[in-house]
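Reader: I am new to this structure and would like to learn how to read its features, one at a time. Could you take me through a few of them?

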Amino acid sequence: MPATSGPLTPGLASFLKTLKTNHIDTSIDNLISLLKRRQIRHSRSCATATAYLLRGVISASRTNDANKLIERVQHVGRRLMAAQPREMVVGNIVRRVLGLIRDEAEDDREGDFNLSEAGSESQPQTPRGLDDPTDALSARHDGSDRGASRQPLPALTAAPISMFSLLSHPETEGSLPGTPVSASPSGRLLGHAPSKDIRAEVLDGISEIIDELTQVDDQIAAYALDHIHSNEIILTHTSSTTVQKFLLKAAAKRKFTVIHAEAFPNNHEATHATVSGANPHDDELLSTESFQKPLIALGITVILIPDSAVFALMSRVNKVILGTHSVLANGGLVASAGTRVIARAAKVHQTPVVVVSGVYKLSPVYPFDFDSLIEYGDASKVISYEDGDLVDQIDVQNPLYDYVPAELIDLYITNLGGHAPSYLYRIVSDHYRKEDISV
Amino acid sequence: MAAATSTSAKPFDIVATYNELLRSDPDLTMPIAAIEALVLLLTHSPSSTISETLDLLEKSTAHLKQSIPNPIGLSAGTDLFQRYLITTLQRPGQLGPAGDFNAIRAHLLSNGRLFIRRAKESRDKIAAFGRGFVRDGSTVLTNGGSRVVASLLQQAAGEKGGPSAVRFRVIYVLSPAKGDVEGSSAEPEGMETVRALREKGVPVATIPESAVAYSLGKADVVIVGAEGVVENGGIVSRMGTYQIGLLAKAMGKPFYVVAESHKFVRLYPLGQYDLPIEQRVIDFKTEEDVADEATQQQQQAQPTPNVKSPDSSDVVDYTPPHLISALITDSGVLTPSAVSEELIKIWF
């Protein structure tokens, strides 16, 4: 489709390259088909592609009206999320961008009537998707949310508190005898011409998200020395770059042993490459880090084991450090297949399980149905089709992910620091607006 | 408001009002009835200063709590009401200290009905949130006569009016009918919900409490209601909920609690026997005591018909937070640890 793509294989790199030259609608379709064909996978690639695309969408829409921007982003977001519902980071980025727009729109309004009402009973007037009955609810709670998600605005701490919503001042049916009419001026202020360039502010915000995506591993790695001590034995799994950077950071100062489970059959080649340092350059996920030294180059003993040996070795392990695909609001996580076995084995041996993950992987989705989160992959990785006789007679399945419940995790380390799984709901409410949870 | 003439003749009885409210509207929860009773109290009292009003509220609340055998549920309502008054008065704005106290009074008095309506609406909101928990093909185990659970299940069953959109089954734990001579029908609490669900085409099995462990293997999820949600995220709920929670944990089934956020109580029970109510569930007796009691009863014949014995059907137990997978409230799906934050937000 795009003239510039040429020899590039379709993927994140080619997508980003064509984003500048193509019309934005072409790029949207392009990303949707890339997601559908799984030519962009891994949380970070998906997040980066989504963030860049939304930046393009915002800069291409020639409006300064927050409502129109929200509508546009919601529309694009829904299509992207529908293209690959299991890549939850896509939805996360969309929600964060929506939150950005709403925040900017509110900042704008606040300047207007902060003095009169202290924002107390005002409602954000941004339209929500009216398809959802829960929206009425979120409207009632916006105020307190706002206070939580935007720390730099002390004026908002006086906003109505959610448990009070029952008793609070009615906005529409408010017919108070003897009170000034200032109860609901908010609706009218919507029409005011914005005093600043919302679009530019939002674009800045998205650039910050993109920066966050590039820096997140280094930020997480900064906590490594607090968690890895000399002569410890660390067990890890898959070729997660976040984990590798975390270990490398600690390896610069301390000597420890790493036991690396190979994650057969979906990730073992990448894992072997990570351990030996012979990174294949075609793997786009690692392309930026492909010059990274392996742990062995820093004098760390790395033991590569098959997944089946995890339980046997767990009694010697001091700490399990895992990467993840996405983290859910209840503290559970979805990670590559085999993670749950490791977490469970660690639980049996009372070994602490630490999960390193960027905040961008944290999804406000509540896992109602664990089975639907798990993706099944190429069965030929388990038994190749050359074994035709066998494939005919048995049912081969290759699940790519595992759901790990919150009680098997001891600690999450994100770019914001370490958190207990039960605290994640707080980070979720800090990062996503309630009205965006169902986009 | 209309009864202003009778105030002088007959002093306002908050306990009677509270009981009357609960009786008149079966859909009313205890906290809301308490708030209503307090609003009515304000209409009947001519207090015009802030401290007078707060003092009156405090005294009446204490009186109400003392006269009701189990004040945990209602204390959520009275606390919320009191905090709301204080917070509103402290906040700048037209209802604040600078403003007119009569304005806030008028707001409260004129909107009593509105509170009730909102409380009922919050049930629908919860049902909308909770619908996701009832999946196609799943079996839900529930107990008691919780109105929120009932509305959640009915909404899941009755989407779009037609036959149940979600094909799910319900195992309903029924406690034996109350043997009391309360005049109420002898059918166990929850039968109404069972009938409503069956009418909508949802297969419902009713089991006794003793069959929970046996039946849990066939259930995918446990959903229960609560009388109060305490500070650590645990719940105070009808007797038998704790054991269902323990069994669900043992069997690895998710255990969800459905409760409106106005049921959050500022209470931190450390265990079953730490609740601020007296329940004579465990009552040790020897033959001598039994004989004593019998003679006493004979002497008194029909002594006090209106004093309800607390051991009837409203005994409660406490389910600690580690047994609860999530709380489905009108402010979203919360982990148990999020409850304390909601409470802290209104108290501090």
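Reader: At what angle do helix α8 and helix α10 of chain A pack, and how far apart are their axes?

Author: A word on the source: this is a predicted model, in which local features need pLDDT of at least 70, side-chain atom pairs count only at pLDDT 80 or more, and totals for chains, interfaces and linings use all residues. Residues are numbered from 1 along each chain as its sequence is written, while chains are lettered from A and ligands numbered from 1 in the order in which they are written. Helices (H or I, at least four residues) and strands (E, at least two) are DSSP runs, numbered from the N terminus. Axes are lines fitted to C-alpha atoms, for helices over the stretch in contact, and angles run from 0 to 180 degrees between N-to-C directions. Here α8 (residues 198-221) and α10 (residues 241-251) of chain A pack at about 40°, with their axes 8 Å apart.

Reader: Which residues of α8(A) and α10(A) meet?

Author: Two residues are in contact if their C-beta atoms, placed from the backbone, lie within 7 Å. From α8(A) come A:Asp217, A:Asp218, A:Ile220 and A:Ala221, and they meet A:Thr241, A:Thr242, A:Lys245, A:Phe246 and A:Lys249 of α10(A).

Reader: In helix α6 of chain B, which residues are buried?

Author: A residue is buried if 20 or more other C-beta atoms lie within 10 Å of its own, exposed if 12 or fewer, and partly exposed in between, with C-beta atoms placed from the backbone. In α6 (residues 101-110) of chain B, the buried residues are B:Ile104, B:His107 and B:Leu108. They cover an arc of only 95° around the axis, which puts them on the same side of α6(B); the arc is that of the directions from the helix axis to the C-beta atoms. An α-helix has 3.6 residues a turn, so residues three or four places apart point the same way. The buried residues of α6(B) pack against α3 (30-44) and α5 (72-90) of chain B.

Reader: Is A:Ala263 buried or exposed?

Author: A:Ala263 counts as buried, with 23 C-beta neighbours inside 10 Å. This residue lies in the loop between β2 and α11 of chain A, and has a positive phi of about 60° although it is not a glycine. A:Pro265 is found in the loop between β2 (257-261) and α11 (268-276) of chain A, and the peptide bond from A:Phe264 to A:Pro265 is cis, with omega near 0°.

Reader: And where does A:Gln350 lie?

Author: A:Gln350 lies in the loop between α13 (339-348) and β7 (353-356) of chain A. A:Gln350 has a positive phi of about 55°, although it is not a glycine, and is exposed, with 8 other C-beta atoms within 10 Å.
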